Amino acid sequence: LSLGDQEEQLTALDRVRSWLLDQERRFTTKLWSTWLSQILAGVMDKFRDKDPIREKSLNIMSLLIQKHANGISDMLEIVFQRLLQCFRDNNDQLASNCLHQLVQHADPGRLLVVLVRLLSVVDSETSGPLLIKLLTELIKRLGTQALLETLPVYLPQLVEAFNNPDARLRRMVMLCFVEHYRILGNQMVPYLNALTKAQQKLLN
């Protein structure tokens with residue numbers, strides 16, 4: 001995928017996409033394990049290119065996530081990070097869409113671990129609101145017990161983000177707390193003590 005001029009690279013990406021669609025019905029674990037790392041590495045390498053190469057590579061990643069999310073589970077963290085970096089560098093809507101698709105299709109427990117690590121470096125200018133929005137979507141797929149076990153780990157990051165001067169980020173955090181409360185009910189009340197009285201009123 002890295003060789004040739006732009007036209008040749010676009011042709012190569014089209015062939016990869018066609019091959020993936022053709023193999024969908026004949027998919028086997030052995031086939032996937034043989035080609036997985038090569039396909040992902042080649043596709044993610046193109047995230048740094050300009051459109052239309054980046055656009056085609058993100059479309060292929062979208063296809064991989066929708067059709068073979070379980071196949072990329074072992075590389076979930078690097079896939080997520082590369083997509084997030086693409087979003088940060090280019091404010092790329094396709095990269096954002098791929099991240100939302102990961103939330104919908106990837107293993108929620110594994111993805112939560114990845115998200116929690118990234119919440120420690122939340123920023124308001126680029127990816128912060130997106131990360132909080134992704135977390136809000138992801139917790140809908142978690143069981144109550146799993147959420148209760150994990151919440152104390154990332155609660156300090158949420159509280160810190162709720163105090164951020166950026167209004168857009170604070171709104172995303174507020175909606176995230178609301179979704180936690182919707183899922184957990186009164187079990188969420190003790191965790192709200194970390195918020196100010198004014199912040200607690202916003203959640204009512």
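**Close-up 1. Salt bridges, including the pair of Arg-54 and Asp-92.** In this predicted model, where local features need pLDDT of at least 70, side-chain atom pairs count only at pLDDT 80 or more and totals for chains, interfaces and linings use all residues, a search of the whole structure finds seven salt bridges (a side-chain nitrogen of Lys or Arg within 4 Å of a carboxyl oxygen of Asp or Glu). Residues are numbered from 1 along each chain as its sequence is written, and side-chain values use heavy atoms, leaving out hydrogens and water. Arg-54 and Asp-92 meet at 2.9 Å, N to O; Arg-54 lies in helix 3 and Asp-92 in the loop between helix 4 (76–90) and helix 5, so the pair ties together parts 38 residues apart in sequence (helices being DSSP runs of H or I, at least four residues, numbered from the N terminus).

**Close-up 2. The salt bridge of Glu-179 with Arg-182.** The closest N and O atoms are 2.6 Å apart, and the two residues, three apart in helix 9, are separated by about one helical turn. Glu-179 is buried at 11% relative accessible area, whereas Arg-182, at 56%, counts as exposed.

**Close-up 3. The aromatic pair of Phe-162 and Phe-177.** The rings are stacked, 5.7 Å centre to centre with 25° between the planes (pairing requires centres within 6.5 Å; planes under 30 degrees apart count as stacked, over 60 as edge-to-face and the rest as tilted). Phe-162 belongs to helix 8 (residues 144–162) and Phe-177 to helix 9 (residues 167–184).

Definitions and conventions. Phe/Tyr/Trp six-rings, centres within 6.5 Å; stacked < 30°, edge-to-face > 60°. Buried < 20%, exposed > 50% of the residue type's maximum accessible area, 1.4 Å probe, protein only.
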